[in-house]
Amino acid sequence: MPLKIVGDARPNSFEFETEALIKASGFREYDARWWFGHAGSAQPPELNLIGVQALGMGLGTLIRRLGAGPDIVTGHDFRAYSLGIKLALISGLMAAGARVKDIGLALSPMAYFAQFALDTQSVAMVTASHNENGWTGVKMGAARPLTFGPEEMSALKQIVLAGDFDLAGGGSYEFVSDFRETYLDDLVGDKRIARKLKVVAACGNGTAGAFAPQALERIGCEVIPLDVELDHTFPRYNPNPEDMQMLHAIRDKVLETGADVGLGFDGDGDRCGVVDNEGNEIFADKVGVMLARDISSQYPGSTFVVDVKSTGLFNTDNVLRANGAVTDYWKTGHSYIKRRVAELGAVAGFEKSGHFFFNPPIGRGYDDGLITAIAICEMLDRNPKSSMADLYRALPLTYGTPTMSPHCADEVKYGVVERVVADFRAMQRDGETFAGQKISDLITVNGVRVVAEDGTWGLVRASSNKPELVVVVESPVSSERRRQMFEAVDAVLRRSPDVGAYNQTF
């Protein structure tokens with residue numbers, strides 16, 4: 001009898017133990033995320049272990065149909081339930097004939113590196129990244145260094161929900177021991193910095209605590225650890241370097257210890273957040289501009305890719321212009337930016353969320369928070385007379401916001417964004433003023449980025465991995481213009497009753 005796939009089943013029931021629970025909305029644009037639940041949680045789970053097994057059957061089927069062969073790397077992040085989820089995924093993969101190479105507890109970039117080191121095309125990394133405890137997910141790819149985009153995710157969703165599995169059998173399992181050391185050896189290589197840097201390494205008790213301090217010490221940094229002890233209850237805050245709570249904690253530790261820089265890593269280690277020596281929390285897009293300045297001075301005429309949430313400085317900065325740098329604004333999402341970096345042969349890609357992608361000679365094209373951290377240390381090493389705050393001050397002043405996320409259910413969020421885009425198009429067509437000025441440009445490659453005549457802009461898009469919208473605002477003029485743009489954008493959002501409260505504002 002074929003596996004029964006259902007979208008709803010309650011825990012502690014016969015159905016939950018006999019049917020594959022896998023909610024359709026968990027198949028996101030470029031990875032998969034589900035609420036798995038935890039003890040004491042009132043929210044019903046969207047996935048059970050039989051559902052994870054079905055996901056593995058579907059993924060094993062898909063990679064064969066894509067022509068990627070049967071070999072696949074697996075790894076898992078540090079959460080109470082991630083190992084069990086990975087083993088259920090592996091059992092499904094093997095049923096579909098996959099030859100699994102399991103690297104154990106890992107960062108996502110360690111799994112991406114394993115595709116190269118173990119000469120394997122496909123990867124399945126069990127992680128919920130920075131999501132709260134109770135969430136799980138899988139980051140997948142079948143053509144290194146790329147991860148799945150909407151086309152592959154749609155195909156996977158169709159296979160799994162229809163139970164359209166090719167259960168060829170003949171799968172195998174191999175545990176790759178000591179791969180952490182292989183990864184760290186490759187990461188640091190012969191990199192050594194001459195400048196004596198005191199660096200706060202903040203890991204929010206997530207997986208990066210087992211990797212980041214060692215990598216930074218090996219390139220010559222004096223490391224001040226902050227929440228590096230692995231603890232899957234995340235006792236202080238989620239390991240998310242876009243979250244102001246984590247950034248404030250890093251700031252406090254930097255100021256307390258007189259560190260040269262603070263570096264924060266997310267739950268699966270593919271993102272890096274930065275606090276300078278004066279305690280300024282530098283949003284990742286500004287860090288990207290600093291790194292782009294440094295890289296384009298070494299490689300004139302460099303091409304960069306940035307997401308639509310990012311600062312307008314990539315287009316207007318005089319140093320980047322003088323170095324002949326060219327920047328392409330593209331869709332938000334690690335899979336989209338990674339693919340665009342590969343397509344354009346860009347030297348690097350930067351996302352406001354802190355996903356940074358470096359092509360050779362710096363990296364292999366995938367996002368790795370530790371490679372980003374090392375690149376920041378090397379930038380400081382090449383500028384021995386400048387502090388991190390000096391390099392930050394050297395940027396033209398703009399007034400930006402953190403990423404702000406009002407709640408909006410997965411089932412309706414894309415429809416809400418479509419209505420917002422239509423509203424802005426109507427305003428532009430009718431020559432209406434918005435936030436006190438006419439609309440000079442609408443960028444709709446991913447949601448909508450509405451730009452005023454003075455360069456002040458606001459972005460609205462649907463979150464790719466949570467039931468939220470994403471709102472970002474920046475003004476090159478003043479904090480008052482930033483406030484006007486935010487209030488005007490929020491007023492458009494409030495036309496929809498489906499838009500809830502923000503997770504944070506400024």
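How far apart are the mean positions of the positive and negative charges of the protein? In this predicted model, the mean positions of the 51 positive and 65 negative charges are 2 Å apart.

The overall dimensions can be set beside that value. For a chain of 506 residues, a compact globule would have a radius of gyration near 23 Å, and because the protein has 22 Å, the two values agree. Taken along the principal axes, the box filled by the C-alpha atoms is roughly 65 × 60 × 45 Å. The secondary structure consists of 16 helices and 23 strands, and among the contacts between residues at least 6 apart in sequence, 69% join residues that are at least 24 apart.

| Property of the protein | Value |
|---|---|
| Buried share of the 506 residues | 61% |
| Accessible surface | about 18500 Å² |
| Share of the accessible surface belonging to carbon and sulfur atoms | 50% |

One residue may be described in more detail. Serine 129 is placed in the loop that lies between β6 (122-126) and β7 (135-141). Why does serine 129 count as buried? Its relative accessibility is 2%, and buried means under 20%, so serine 129 falls in that class. When neighbours within four places in sequence are left aside, the residues in contact with serine 129 are Arg33, Asp77, Arg79, Lys139, Asp266, Gly267, Asp268 and Asp270. Of these partners, Arg33, Arg79 and Lys139 count as positive, whereas Asp77, Asp266, Asp268 and Asp270 count as negative.

Notes: Residues numbered from 1 in each chain as written. Predicted model: local features only at pLDDT ≥ 70, side-chain atom pairs only at ≥ 80, totals over all residues. Heavy atoms only, no water. Helix = DSSP H or I, 4+ residues; strand = E, 2+ residues; numbered from the N terminus. Rg over C-alpha atoms; globule rule 2.2 N^0.38 Å. Buried < 20%, exposed > 50% of the residue type's maximum accessible area, 1.4 Å probe, protein only. Contact = heavy atoms within 4.5 Å. Areas by Shrake-Rupley, 256 points an atom, 1.4 Å probe, with all protein chains shown as cover. Charge placed at Lys NZ, Arg CZ, Asp CG, Glu CD.
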